[in-house]
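Morning, everyone. Let me put the model on the screen, and then we'll walk through it.

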Number of protein chains: 2
Amino acid sequence: MLRDINLKRTVEKNEYRTRISELQLELGHCQREARARGIPIIIVFDGWDTAGKGELINELILALDPRGFSLYSPIKNNETDSSRPYLYQFWTKTPRNGLISLYEKSWYHQLILAKLNKTEDKRLPEYDDLISFERQLADAGNIIVKLFLHISKKEQQKRIEKLKDSPDTAWVVDKAMEKRHKNYEKLENLYDQMIELTDSDFAAWSIIEATDQRFAKLKIFSTIIAAVQRKLAQPTGTTPSLTISAETSSGNLNSSILERINLTECVLSREEYREKLEDNQKQLRQLQFKMASSKNPGIILYEGWDAAGKGGNIKRLVQAMDPRNYQVVPIAAPDSVEKAHHYLWRFWNHIPHDGFISILDRSWYGRVLVERVEGFCSESEWRRSFREINEMEKQLTDYGMLLVKFWLHVDPETQLMRFEERMQTPDKQWKITDEDWRNREKWSAYQDAVEEMLFRTSTSYAPWTVVESNDKLYARIKSQETVIKEMRSLLARRD
Amino acid sequence: MLRDINLKRTVEKNEYRTRISELQLELGHCQREARARGIPIIIVFDGWDTAGKGELINELILALDPRGFSLYSPIKNNETDSSRPYLYQFWTKTPRNGLISLYEKSWYHQLILAKLNKTEDKRLPEYDDLISFERQLADAGNIIVKLFLHISKKEQQKRIEKLKDSPDTAWVVDKAMEKRHKNYEKLENLYDQMIELTDSDFAAWSIIEATDQRFAKLKIFSTIIAAVQRKLAQPTGTTPSLTISAETSSGNLNSSILERINLTECVLSREEYREKLEDNQKQLRQLQFKMASSKNPGIILYEGWDAAGKGGNIKRLVQAMDPRNYQVVPIAAPDSVEKAHHYLWRFWNHIPHDGFISILDRSWYGRVLVERVEGFCSESEWRRSFREINEMEKQLTDYGMLLVKFWLHVDPETQLMRFEERMQTPDKQWKITDEDWRNREKWSAYQDAVEEMLFRTSTSYAPWTVVESNDKLYARIKSQETVIKEMRSLLARRD
């Protein structure tokens, strides 16, 4: 495919001057209009070495209002990024509504290099993961423009020679670049495959013929303008509507998982508890040490009814752990910056680095619980998120991350008892708010949501553990033993 | 000093149990009260290896509401931090109003190690820089608690042996730790010196006798509670008032620097401009390459009257640069998160990494310009900031950063002409707002502020360059030539 492209296209200087100033104005309009409409824009660059990326990007950003974009140019050997799942670096840089993120290197870049060099890197994703990433962003309203800067092998050779001729630029040409040049044909096949597999209606590739920089500049501007105008032509607020088939509606799922849970039988005496607690905490401390020293990261997330005892459960879980390698992350309602991003964005920001454990007190499941029940997002949005969440969890566990998910289950009577107790204890009154009472009114709507969540997101790679929590002592021990079991099993697999 | 401390203090288990639960409740109260009052709290740990820091911190954070604190535990070899001025890592982690930041390692830690190992590290600050850092935060209302965990050499030896005995913990004891243990006496002298030189009323050290963990826990809790209660006892909103001596009042400074500027003589013909522009941009590109390849960072900041031509000036400065190594950072009014921090916090977040150039379109000088004139901060706040800004700029230039500061100067007539032109050009109308017109009304108040700023913050290490900008062409060339000169001089010094 790439070899069929005519790389001889050029533009005269005078024609260029006229057209580029028109396009600059037009792009300025587009940026302001997209900003006003709150549409986020993602522009990604990929392509051959020496295709002139720097100059082309510079021309582009000089036409943009600098308050409205950011350019992401990865630092080599960046510990923050390289000790986390691959997509972390790209997710955390996605634009907030109305802004533009430019990626100087695409999420395909490292993948292609690994394929070329035949290096095994378990950290790298599959094309499917990258397509999911793009689809998730497009579904949330992002415009995605993927630009491939194309030059011929001969042209590349000429440019490499020229760079080497000047002492100011010779350092740019390293051995790796020369090797890539030598393997132009191999790379071309890999690029062809990449473009074929990852070209989609929601994130199409555009090939930019880059022999003539003037031609390339004009084409980049027009491609972006066209993509933005296409989006602007759609009426505001339309996201592709989802056809909901009968069997996915929640009616059929109602009360089938939770009703099997026997809350009354799961109890523990205080002596049993004390004994097990001490033993478990010792084990947890040792296992956390091992997770840290062998650089394994983990996420332990807690969901559950209000007053199910999440706080106390988490406290006992981490009591003997080393605080330098774990963090409890309470998830509250999203703030204004978080709201202006894809809802998964803020969780990507909390992904632990290798060797670190994040304990989430509430999580991304808020999307299908509170946001669903309270109507904070549309039905198509929360329905879509089952798949999005499963995709994210698959990526995390593929990376090797421990992922334990707890639903702390109590019955409404126990909740009421605890609410009343809190009201009567001066030091606990601040823990209970009007909102807790309001949520309680909606028990049955929440129950439907919980049922569907447990059903749709219990996967082989990230199953839910329902923790019977009428008896707090039992619940704490069960959570701890689950974490112990999962840590052991992960460490054994990774050994 | 440290050797005079009685390390044999202990607490009985039963007494401990009673007192710790009282203190936990008390600390909870303190946290909620400080949060309600918007008081930020900084808690810093330092002290001997094996003093039990992990366990002590864990006990502390388990008593805190996890929504209200964060623990900063530096990752080793973190590129993001280590390629920037030393205080970056600490500044960016300072708490927002009402929250708590715990630092598992203090800003003294690396300094002490370098002194012990006699390693030369130009990146490391002086004690004075750290005292400034603490004073700046304290002046802005932060509570700073510095805890030194103290054990004897004998006790440390015992603990190291114990760690080495278990295969789960033996990896913690590395050669560096053993060396530090051997040099206990040397380290003790260094710690004594550190405590003596950096103990202040706004950031006092507390020695925590850590032989007995129970004793240590109680003392840590009480120390923090006492510090918070002291602050809470002060009436809200009082910051130490500043006595303003006669000679620092702005009256005497009025119009002495700017009136010397000859705006009419500084002009350039279009031919001269074209010629110089091309040559300058070529040089800037080469110099940027050199700055990047030799890992020198730089900040070029632009202040100036509205419509003085900052945007166009910056555009021509960066036109030939490689966008992977520079960024234009527009500084707008602070958002709600930024407002809830020390005003310098958001600028520390923009400090470029080594080899990178940040061009600031407006800057921290907003404090002494718009914030002063519009009354967004108190007089004592903006007066204090002259010193704070000088301190920060000293730290940046000591680190080796290029720092160029431009004041783009036009006269009121030129500004009026440009405002009117913008109103009449459809593609420029969005650039002019009612606020611009309102600011213009306050020209003379702004002029006083500019005069005082230029006077107080033109230092030997970071002088201002006033750029005559009635003629935009002249202004662009002058800015470029200033940057070229400063880059050359920095590269020559650093060679």
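I42 of chain B stands opposite S101(B), which sits in β3(B). Strands here are DSSP runs of E, at least two residues, and helices are runs of H or I, at least four residues, numbered from the N terminus. Strand β1 (41–47) and strand β3 (100–103) of chain B run parallel, joined by four bridges. Two strands count as paired if DSSP finds at least two bridges between them.

A word on conventions. This is a predicted model: local features need pLDDT of at least 70, side-chain atom pairs need pLDDT 80 or more, and totals for chains, interfaces and linings use all residues. Residues are numbered from 1 along each chain as its sequence is written, chains are lettered from A and ligands numbered from 1 in the order written, and side-chain values use heavy atoms, without hydrogens and water.

Now the whole sheet. It is open, with five strands in parallel pairing, ordered β2-β3-β1-β4-β5 in chain B. Which strands are at the edges? They are β2 (69–72) and β5 (205–209) of chain B, each pairing on one side only. From one strand to the next, the twist averages 20°.

Next, a helix. α9 (184–198) of chain B lies across β1, β4 (143–150) and β5 of chain B. It runs at about 160° to β4(B). Axes are lines fitted to C-alpha atoms, for helices over the stretch in contact (heavy atoms within 4.5 Å). Angles run from 0 to 180 degrees between N-to-C directions.
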